[in-house]
Amino acid sequence: MLVPFGNTPQEPVFYITRATLALAADPADARHTAQDDLEKATALAGNNRPLYVPLIQFYQSKARWADALRASTAALERFRGDFNLQILHAKSLVHLDRGADALTVLDAARVLPSEGARESHQLYIEAHVLEALAAIRANRLDAADTQSVTRGKRAGFHSHVVDVRSIGAVEIDDFDALA
């Protein structure tokens, strides 16, 4: 329906809408078109922060974590301290096995319980488990033992502890099973 307009419109919402419709109609067929449209929307977004999110989420939905990280890095350069972007950024870092970097981002994020706290809490767990596994693989068991997952710095959150000694050097594919 919106294909005949080509790349003439200069409104980012047009490209986000066209990408969303294309993905809903036939996700497999729309991959390149949706990506192109979302990249165009981001290029036109200027200082409209919410318009940067769909491209990052698109890449994450395709497990294209390096691309999602690149997109969230660019967005965070423009919108420092935005917790939505920080959470998306941390999610990509976790999926790229960069737990320490994810923890740095999460430590800087200011997330209220009603604003994505569940996802940020889960990302904290995953990042700490990644760091514990890295310590175990490096035979730094004392460091692994200190990788208790806690959100104690954040008021209103319950602490969550994972005893990494019970994990050992096992690869973990299902972080939800640890929560």
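How close do the axes of helix α3 (residues 53-61) and α5 come, and at roughly what angle do they cross? They come within 11 Å and cross at roughly 20°, where axes are lines fitted to C-alpha atoms, for helices over the stretch in contact, and angles run from 0 to 180 degrees between N-to-C directions. Helices here are DSSP runs (H or I, at least four residues), numbered from the N terminus. This is a predicted model, in which local features need pLDDT of at least 70, side-chain atom pairs count only at pLDDT 80 or more, and totals for chains, interfaces and linings use all residues. Residues are numbered from 1 along each chain as its sequence is written, and side-chain values use heavy atoms, with hydrogens and water left out.

With that angle, α3 and α5 are roughly parallel to each other; angles under 35 degrees count as roughly parallel and those over 145 as roughly antiparallel. Their crossing is left-handed, meaning that the near helix is turned anticlockwise from the far one by less than a right angle. On the α3 side, V53, I56, Q57 and Q60 meet L85, L88, K91 and S92 of α5, contact being heavy atoms within 4.5 Å. The residues of this contact split into 4 nonpolar, 3 polar and 1 charged. For that tally, Ala, Val, Leu, Ile, Met, Phe, Trp, Tyr, Cys and Pro count as nonpolar, Asp, Glu, Lys and Arg as charged, and the others, Gly among them, as polar.

Helix α5 (residues 83-95) also pairs with helix α6 (residues 99-108): their axes come within 8 Å and cross at roughly 165°. That makes α5 roughly antiparallel to α6. Here, too, α5 passes α6 in a left-handed crossing. Q86, I87, H89, A90, L93 and V94 in α5 touch D101, A102, V105, L106 and A108 in α6, and the contact is made up of 8 nonpolar, 2 polar and 1 charged residues.

As for α5 itself, its 13 residues reach 18 Å from the first C-alpha to the last, close to the 18 Å expected at 1.5 Å a residue (1.5 Å times one less than the number of residues). The helix is mostly covered, with 10 of its 13 residues buried, that is, under 20% relative accessible area (1.4 Å probe, protein chains only). Among the buried residues are F83, L85, Q86, L88 and S92.

Elsewhere, D37 sits in helix α2 (residues 31-44). D37 is buried, with a relative accessible area of 3%. Leaving aside residues up to four places away in sequence, D37 touches N7, Y15, R18 and A19.

How values were computed. Helix = DSSP H or I, 4+ residues; strand = E, 2+ residues; numbered from the N terminus. Parallel < 35°, antiparallel > 145°, perpendicular 65-115°, else oblique. Buried < 20%, exposed > 50% of the residue type's maximum accessible area, 1.4 Å probe, protein only.
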